[in-house]
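Open the model in your viewer and keep the selection tool ready. The tour goes from one selection to the next and says what is there.

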Amino acid sequence: MNSNSLVSIDDISREEILDLIERARFFEEHPNHKILDGKVVATLFFEPSTRTRLSFETAVNRLGGRVIGFSDAATSSSSKGESLKDTIKMVSNYVDLIIMRHFLEGAARYATEVTDTPIINAGDGANQHPSQTMLDLYSISKTQGRLEDLTITMVGDLKYGRTVHSLLMAMRYFNPTFHFVACDTLRMPKEYRDFCDANGIRYTEHTDFSPEVIADTDILYMTRVQRERFTDIMEYESVKNLYTLHNDMLECSKPNLRVLHPLPRVNEIDRDVDDNPKAYYFDQARNGLYARQAIICKALGIDIYKEAAK
Ligand code: CP
């Protein structure tokens, strides 16, 4: 395994998280340094994506590298039965870095075991989405001026939502308090509640998306109910619209509250929230470009400050 791989947010320390945030800040000020000249990066997306793939590819392009890959596995030889192992070994012959999204939990970890090329996990099933977490942390840091001592309310699909799982784990370094708002079907899984207990993280669980919870919140992290994870479509239909944020629900919220959402959204944030200055989800997606530039350079072992000074 290449030690520069990023498979789980658990792979990186507090210091590395803070360093990546500083580097994201650097790239926000200098997004077009040609420091990937001569590098080729693969984006292998076995699951659909808009933001993650396009922001990773934009990140490479703005830094002067080249991108190969596929956005639809049906156009790759996996549709002919080629194994993930063989696909990864083949692509490793061509590139310096592989960024991959796969529907199977653990797929990115498995990929690191069959190649020495660094791997960035762009989402594996309901498991982890560490680059999303880095842009979330960067967004939180930018909007709150700190990462420590914040109250974060996570709403919606806490069972299958890989973004909330990764964010919860990363926040263990920063003394958070969580409110988990979900129906019983989509409750935060036991392993993550156990993780909170083991790391001294305070949390409360709610089935009601109440004004009291919103009033106590610094970061309101809304999530989509993920139809693609359900085996029973009737179960999805019964829970898909349980929690919707409307603009008037923010009236008694703290001045510093910001609404985050990894996107895409369906019905969980009403369009009437979009013009509220507390709506931050589109800015959050833009931050993904800078966070991913930082992640790519770290994975390639590039000293951005030295390179930028040339
Ligand atoms: N947030 C996120 O992962 O979006 P995409 O599925 O569009 O990449």
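Is Leu263 buried or exposed? This is a predicted model, and in it Leu263 has a relative accessibility of 12%, so it counts as buried, the cut-off being under 20%.

**Stop 1: Leu263 and Pro264**

Stay on Leu263, which sits in the loop between E9 and H10. Its phi is positive, near 65°, although Leu263 is not a glycine. The peptide bond that joins Leu263 and Pro264 is cis, with omega at about 5°. Pro264 also lies in the loop between E9 and helix H10, the latter covering residues 281–299.

**Stop 2: the five-stranded sheet**

Select E7, E6, E5, E8 and E9. In that order these five strands form an open sheet, and the pairing is parallel. At the edges are E7 (202–206) and E9 (258–260), each of which pairs on one side only. From one strand to the next, the twist averages 20°.

Look at the E9 side of the sheet. Strand E8, residues 219–222, is joined to E9 by three bridges, and the two run parallel.

Move to strand E5, residues 151–155. How many of the residues of E5 are buried? The count is five of five, and the strand is mostly covered. In a regular strand, side chains alternate between the two faces of the sheet. Show the side chains of E5 to see which way each one points: Thr151, Thr153 and Val155 point one way, Ile152 and Met154 the other way, and all are buried.

E5 also pairs with strand E6 (residues 177–181), through five bridges and in the parallel sense. Pick Thr151 again: its bridge partner in E6 is Thr177.

**Stop 3**

Select helix H5, residues 130–144. Its 15 residues, at 1.5 Å a residue, should span 21 Å, and the end C-alpha atoms are 21 Å apart, which agrees. Of the 15 residues in H5, 14 are buried, so the helix is mostly covered, with buried meaning under 20% relative accessible area. Gly145 follows H5 and has a positive phi, near 75°.

Continue to Asp149, in the loop between H5 and E5. Asp149 is not a glycine, yet its phi is positive, about 60°. Its relative accessibility is 46%, and it therefore counts as partly exposed.

**Stop 4: Leu158**

Go to the loop between E5 and H6 and select Leu158. Leu158 has a relative accessible area of 0%, so it is buried. Which residues does Leu158 touch, not counting residues up to four places away in sequence? Among them are Val164, His165, Phe180, Val181 and Leu186. For a distance to check in the viewer, take the C-alpha atoms of Leu158 and Leu260: they are 102 residues apart along the chain and separated by 15 Å.

**Stop 5: H6 against H7**

Select helix H6 (residues 162–170) and helix H7 (residues 190–198). Two packed helices are described by the angle between their axes and the distance between the axes. Here the angle is about 10° and the axes are 10 Å apart. This makes H6 roughly parallel to H7. On the H6 side the contact is made by His165, Leu168 and Met169, and on the H7 side by Tyr192, Phe195 and Cys196. Five of the residues in this contact are nonpolar, one is polar and none is charged.

Keep H6 selected. Nine of its nine residues are buried, so H6 is largely enclosed by the rest of the structure.

**Stop 6: the four-stranded sheet**

Select E2, E1, E3 and E4. These four strands form an open sheet in that order, with parallel pairing. The edge strands are E2 (66–70) and E4 (119–124), each pairing on one side only. The twist here averages 15° from one strand to the next.

Within this sheet, E1 (residues 40–45) and E3 (residues 97–102) pair in the parallel sense over five bridges. Val41 has Leu97 as its bridge partner in E3.

**Stop 7: Asn2**

End with Asn2, in the segment before helix H1 (14–29). Leaving aside neighbours within four places in sequence, Asn2 is in contact with Thr115, Asp116, Thr117 and Pro118.

How values were computed:
Residues are numbered from 1 along each chain as its sequence is written. This is a predicted model: local features need pLDDT of at least 70, side-chain atom pairs count only at pLDDT 80 or more; totals for chains, interfaces and linings use all residues. Side-chain values use heavy atoms; hydrogens and water are left out. Axes are lines fitted to C-alpha atoms, for helices over the stretch in contact, and angles run from 0 to 180 degrees between N-to-C directions. Angles under 35 degrees count as roughly parallel, over 145 as roughly antiparallel, 65 to 115 as roughly perpendicular and the rest as oblique. Contact means heavy atoms within 4.5 Å. Ala, Val, Leu, Ile, Met, Phe, Trp, Tyr, Cys and Pro count as nonpolar, Asp, Glu, Lys and Arg as charged, and the others, Gly among them, as polar. The expected span of a helix is 1.5 Å times one less than its number of residues. Buried means under 20% relative accessible area, exposed over 50%, partly exposed in between (1.4 Å probe, protein chains only). Two strands pair if DSSP finds at least two bridges between them.
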